[in-house]
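Here is a short tour of a two-chain model, written to be read alongside the structure. Keep the viewer open and follow the headings as they come.

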Amino acid sequence: MRAFLLRRLVHAVFVVWGVVTVVFFLVRLTGDPAALLVDATATREEIAHARQMLGLDRPLHVQYLDFLRAAPRGDFGLSIRERRPAMRMVLEHFWPATAQLAFAAIVLSVVLPIPLGVVAATHRNGVVDHASRLGSLFLQSMPSFWLGLMLILLFAVALGGLLPAYGWGTLSHLILPALTLAAAPLAQNVRLVRAGMLEVLQHDYVRTARAKGLAERAVIYRHAFRNAAGPFLTVSGLSLGFMLSGTIVIETVFSWPGMGRLIVQAVPGRDFPVIQAAVFLFAMLFVAVNLVVDVLQGLLDPRARVFEDAA
Amino acid sequence: MIQAPRDGVALLGLAVIVISVVLAATAPALAPADPVQNDLLERLAPPMWMDGGSGRHPLGTDTLGRDVVSRLLYGARVSLVVGFAAVILAGALGVALGLVAGYYGGRLDDILMRLGDVQLAFPALVLAIAVLAVVGSGLGNIILVLSVTSWVTYARIARGETLSLRHREFVEGARALGARDAGILWRHVLPNVLPSITVVATFSVARTIIAEASLSFLGLGIPPPAPSWGAMLDEGRNYLTTGWWLALFPGLAILAVVLGINVVGDWLRDTLDPRVERGM
């Protein structure tokens with residue numbers, strides 16, 4: 001287990017290094033980052049001055065090493081628009097706004113599918129089974145932001161303002177964005193739990209558990225679901241990542257003051273320190289989530305570790 | 001092998017794809033109006049079946065008085081071109097790299113796969129936004145960015161299949177007969193990789209169309225006034241109370257095309273790739 005953890009950790013550190021490197025070269029794609037890092041109206045002298053101030057006149061490898069030291073500390077320089085540390089701005093938008101939205105969506109899309117998927121498996125061709133089949137097909141075929149617009153049209157416009165269309169602060173503000181973000185993964189996860197349960201329920205140990213007179217609920221959740229949970233966990237981990245990028249469009253639709261909307265607003269002003277900091281944080285969250293899921297997987301299912309070691 | 005789909009749903013999906021391609025290709029002949037022509041006297045005209053609607057604008061007009069049907073038809077071109085071009089590009093790149101990595105292994109394989117790991121650490125949309133912010137948007141850049149962010153999947157599949165094939169008898173046999181590596185990869189390995197790649201690529205066209213719509217919605221798509229479905233939704237979202245049709249129809253268009261592609265993808269998976277289990 002320790003070797004497994006260590007290898008996972010080394011891998012994560014490697015990925016973080018790769019991410020920092022990509023973020024570093026991103027802004028240098030255009031040739032002269034100084035021109036991007038100052039106001040659009042800056043004169044040539046001002047750009048030259050900025051280049052010197054930002055240390056962009058030094059050799060590339062010196063800049064890169066500097067960046068490698070600064071990035072993990074969260075030092076991405078000052079926002080061009082607000083003249084404040086870029087990472088602090090990103091963090092202020094991540095916590096609490098984006099974190100709330102993501103947490104609500106995770107609860108909806110990871111917890112709810114467990115009972116729903118079990119019902120879909122135990123009552124095949126029942127209402128839940130059909131609804132989740134159609135739901136997952138349709139929801140995967142529409143952009144989430146359009147679903148959001150349609151929900152606004154329904155709940156905020158047609159039903160006379162039953163729920164607020166945009167804004168942040170109260171629980172009722174959270175309902176539509178969280179539902180929009182969670183809808184597609186929710187339906188997909190119901191299918192996943194269902195498929196896993198259908199496979200597991202055929203096994204002998206389930207029959208044994210029933211034969212020894214256990215209550216059906218205990219058979220299903222303690223014996224069957226625990227064994228069906230593996231692939232569900234892996235996919236949930238992956239879908240968390242997609243959910244993170246989903247926040248970008250969803251926050252824009254609902255004017256949710258999170259880091260997704262921050263990055264979108266930073267683009268027209270070419271506020272690169274903010275974009276870099278946000279990309280970095282997105283990638284870090286993504287890596288962290290996948291690391292946690294991998295480790296959980298290894299804890300829950302010793303086979304995952306063994307296969308890893310053999311590979 | 002591939003036969004015409006027998007189940008009705010897949011057939012319907014195929015029909016939707018064919019129809020949308022035909023509509024997009026013949027947009028100049030079909031569109032009732034110029035898609036970028038403003039007509040401020042006719043702004044926010046409702047669809048023809050509503051009060052105040054007229055046959056001149058069957059699905060109404062937008063805030064600048066531009067005809068919605070015409071913009072939808074021209075917007076289909078953007079969605080389909082980006083969807084197919086980005087997937088073909090990413091597929092070609094990914095498969096080529098995956099074949100080489102799987103066949104030769106070693107250092108090259110390590111580097112490519114680690115590169116893939118790093119890239120998968122970025123949510124694709126975040127990376128696309130960041131790159132487009134630097135290089136600027138436009139049709140070519142969008143296709144490039146969307147293909148660069150998706151080559152890894154193809155590379156991984158092609159590599160995996162190649163690994164399992166490279167010591168099989170027919171490959172060893174070809175090598176013993178003096179075939180060159182390129183010939184073996186092209187003639188013996190590639191054909192075995194293609195079925196699974198086709199399945200993945202089909203679903204990927206659907207996802208790419210949604211990704212393009214998302215980028216356009218965020219203002220990073222092809223520059224205005226050229227119509228694209230995502231940009232139309234972006235314009236429409238501020239008029240939900242006065243012009244609901246602006247937010248409804250472009251979304252329905254995306255839903256129809258993407259649903260059609262996904263249904264065909266399901267069918268392809270069942271026919272071409274029997275190892276992937278049904279029931280998801």
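Predicted model: local features only at pLDDT ≥ 70, side-chain atom pairs only at ≥ 80, totals over all residues.

## A helix packed inside chain A

The buried residues of H6(A) pack against helix H5 (86-111), H7, H9 and H11 of chain A. Which residues of H6 are buried? They are Pro113(A), Leu116(A), Gly117(A), Val118(A), Ala120(A) and Ala121(A). As background for reading such a list, an α-helix has 3.6 residues a turn, so residues three or four places apart point the same way.

Asn125(A) has a positive phi of about 65°, although it is not a glycine. Asn125(A) counts as exposed because 9 other C-beta atoms lie within 10 Å, and the cut-off for exposed is 12 or fewer.

## The two chains at a glance

Let us step back to chain A as a whole. Chain A has 14 helices and zero strands. Its C-alpha trace spans about 85 × 60 × 30 Å along the principal axes. Of its 311 residues, 40% count as buried. Among contacts in chain A with a separation of 6 or more, 72% are between residues 24 or more positions apart.

Chain B also reads as helices, with 11 of them and zero strands. Its C-alpha atoms fill a box of roughly 75 × 45 × 35 Å, taken along the principal axes. In chain B, 48% of the 280 residues count as buried. Residues 24 or more positions apart make up 71% of the chain B contacts with a separation of 6 or more.

## Where the chains meet

How many residues of chain A are in contact with chain B? The contact involves 42 residues of chain A and 36 residues of chain B. On the chain A side, at least two residues each come from helix H1 (2-28), helix H7 (127-139), helix H8 (144-158), helix H9 (171-200), helix H11 (216-253), helix H12 (259-266) and helix H13 (272-300). H11(A) supplies the largest share of that side, eight residues. The side of chain A that touches chain B divides into 33 nonpolar, seven polar and two charged residues.

## The nonpolar core and a helix pair in chain B

The largest nonpolar core has 163 residues, and those touching the most other members are Val90(A), Ile275(A), Ala278(A), Ala128(B), Ile129(B) and Ile254(B). H3(B) gives the most to this core, with 18 residues. Look next at Ala128(B): leaving aside residues up to four places away in sequence, Ala128(B) touches Val145(B), Leu146(B), Thr149(B) and Leu215(B).

H3(B) also takes part in a helix pair. The axes of helix H3 (residues 68-104) of chain B and helix H9 (residues 181-217) of chain B come within 7 Å and cross at roughly 145°. The crossing of H3(B) with H9(B) is right-handed. The residues of this contact are 16 nonpolar, five polar and two charged.

## Backbone details to look up

One joins Trp95(A) and Pro96(A), with omega about 5°, and Pro96(A) is found in helix H5 of chain A. Another runs from Pro224(B) to Pro225(B), with omega near 5°. Pro225(B) sits in the loop between H9 and helix H10 (229-236) of chain B.

In chain A, Arg83(A) has a phi near 55°, a positive value in a residue other than glycine. Arg83(A) lies in the loop between helix H4 (60-70) and H5 of chain A, and is exposed, with 7 other C-beta atoms within 10 Å. Phe25(A), in helix H1 of chain A, is partly exposed, with 13 other C-beta atoms within 10 Å. The C-alpha atoms of Phe25(A) and Tyr64(A) are separated by 8.8 Å, while the two residues are 39 apart along the chain.

## Confidence

The model scores ipTM 0.87 and pTM 0.87. Chain B averages a pLDDT of 86, and 95% of its residues score at least 70. Which element of chain B has the lowest mean pLDDT? That is helix H8 (residues 169-176) of chain B, at 83, whereas H3(B) has the highest, at 92.

Technical notes: Residues numbered from 1 in each chain as written. Chains lettered and ligands numbered in written order. Axes fitted to C-alpha atoms, helices over the stretch in contact; angles between N-to-C directions. Helix = DSSP H or I, 4+ residues; strand = E, 2+ residues; numbered from the N terminus. Left-handed = near helix turned anticlockwise from the far one by under 90°. Nonpolar A, V, L, I, M, F, W, Y, C, P; charged D, E, K, R; others polar. Buried ≥ 20, exposed ≤ 12 C-beta atoms within 10 Å, placed from the backbone. Contact = placed C-beta atoms within 7 Å. pLDDT = per-residue confidence, 0-100. Core = buried A, V, L, I, M, F, W, Y, C linked by C-beta atoms within 7 Å.
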